[in-house]
Amino acid sequence: TVLIDELPPDRRPSAFAIHQPVDGLEPLEGELTVLSYNVQRGQRLQKAASTVECAVEEYRPDLVFLQEAPPEIFRQPPLADVLAGRALFYAPFHQVARPNRRYRFRHYGQLIASARALERPQVLELPTINPSVLGPGHVMKRIALFAEMPTVGGRTVGVVNVHNEPFAKPSDRLLQHQAFLDEVDRRNPNVAVCCGDFNPSLSQRGEPGLQLLESSGFENAFVHRWRTLDTCFARGHAEYVSAESLRLGGSDHRPIVVRLSI
C-alpha cells in the first residue's frame with residue numbers, strides 16, 4: 001500500500017492543477033460576492049451545471065467556488081458559457097484510475113472561477129487524517145485552494161476554497177483547519193475569506209476547527225444555521241451584507257451565496 005503522502009510529485013494534486021489567468025480583469029471594489037456549491041461528484045452533471053448557471057446569472061458573484069467538481073462541469077455548456085472570461089483555478093483531491101457508474105470521471109476537485117483579478121494561486125495539501133476506503137484505484141488527498149484578489153484601494157483579499165474530510169474525528173479535522181489557517185496567517189492578507197464545505201460531523205456547534213477560526217478573528221456568515229455543511233468565514237471585512245442558502249437542485253448540498261462589504 002502506498003500512502004497518499006508518499007505519492008511521487010507527478011501524482012500529487014498540484015501536478016493536475018489548471019490555472020487559466022485572464023488579462024484585463026478589474027480589481028475588486030466595494031463588495032465581494034461568493035457563490036459556493038458542492039456538486040456531489042457531478043452525479044447529476046447537467047442539472048448541477050444548470051443550477052450553477054442560474055445562480056451565476058441571478059447573483060453575479062465575483063467568485064464561484066465548486067467542490068467535488070469534475071473538470072467536465074465547467075468545460076461544457078451551459079456552465080462554460082457563463083464562466084467564459086473568468087480566471088479559472090482548479091485542482092483535484094480525488095483521482096480515479098478506472099471510472100465506473102458511481103465515479104464517472106477521472107478527477108474530482110475544487111474550482112475557483114473569478115470575474116476579478118486573481119493572483120498567486122496555490123494548491124494547499126491538507127493533512128491526511130483518514131485512510132482511503134475506496135480501494136487501490138482511488139487516490140484521495142484533501143486540499144484547499146488559495147488565491148489573492150487585489151482591490152481598487154490597494155488592499156489584498158485572500159480567498160480559500162475549503163473541502164475538509166467528512167469521515168474523521170472532529171479533533172483530527174482540526175488539523176486541516178489549522179493547515180489552511182497557517183497559510184492565511186503566513187500570507188497575512190488584509191481580508192481573508194474561507195468558504196466551502198467544512199464537513200462538521202454533526203453540526204457547527206462544538207466543531208473544534210470552526211471554533212479555531214472564530215478564535216482567530218473569523219466571523220461565520222451562517223452562525224445561526226448550526227446544522228449545515230457549507231458556510232463562509234471571513235475576517236478583516238466590514239460586514240456581511242447578506243448570506244443565503246439556495247434551494248436549487250443538482251446535488252445533495254445547497255449552494256450558498258455570501259456578500260461581504262470590503
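A salt bridge is a side-chain nitrogen of Lys or Arg within 4 Å of a carboxyl oxygen of Asp or Glu. The exercises below concern a predicted model, in which local features need pLDDT of at least 70 and side-chain atom pairs count only at pLDDT 80 or more, while totals for chains, interfaces and linings use all residues. Residues are numbered from 1 along each chain as its sequence is written, and side-chain values use heavy atoms, with hydrogens and water left out.

**Exercise 1.** Describe the salt bridge between glutamate 125 and arginine 12.

*Solution.* Begin with the distance: the two side chains meet with N and O 2.8 Å apart. Finally, consider exposure, where buried means under 20% relative accessible area, exposed over 50%, and partly exposed in between (1.4 Å probe, protein chains only). Glutamate 125 is partly exposed because its relative accessibility is 29%, whereas arginine 12 is buried because its value is 16%.

**Exercise 2.** Follow the salt bridges of glutamate 148 to their partners.

*Solution.* One partner is arginine 120, with the closest N and O atoms 3.1 Å apart; this pair joins strand β6 to strand β8 (residues 143–150). Another is arginine 187, at 3.2 Å from N to O, and here strand β8 is linked with helix α3 across 39 residues. Both glutamate 148 and arginine 187 are buried. Through shared partners, Arg120, Glu148, Glu183, Arg186 and Arg187 form one network.

How values were computed: Helix = DSSP H or I, 4+ residues; strand = E, 2+ residues; numbered from the N terminus.
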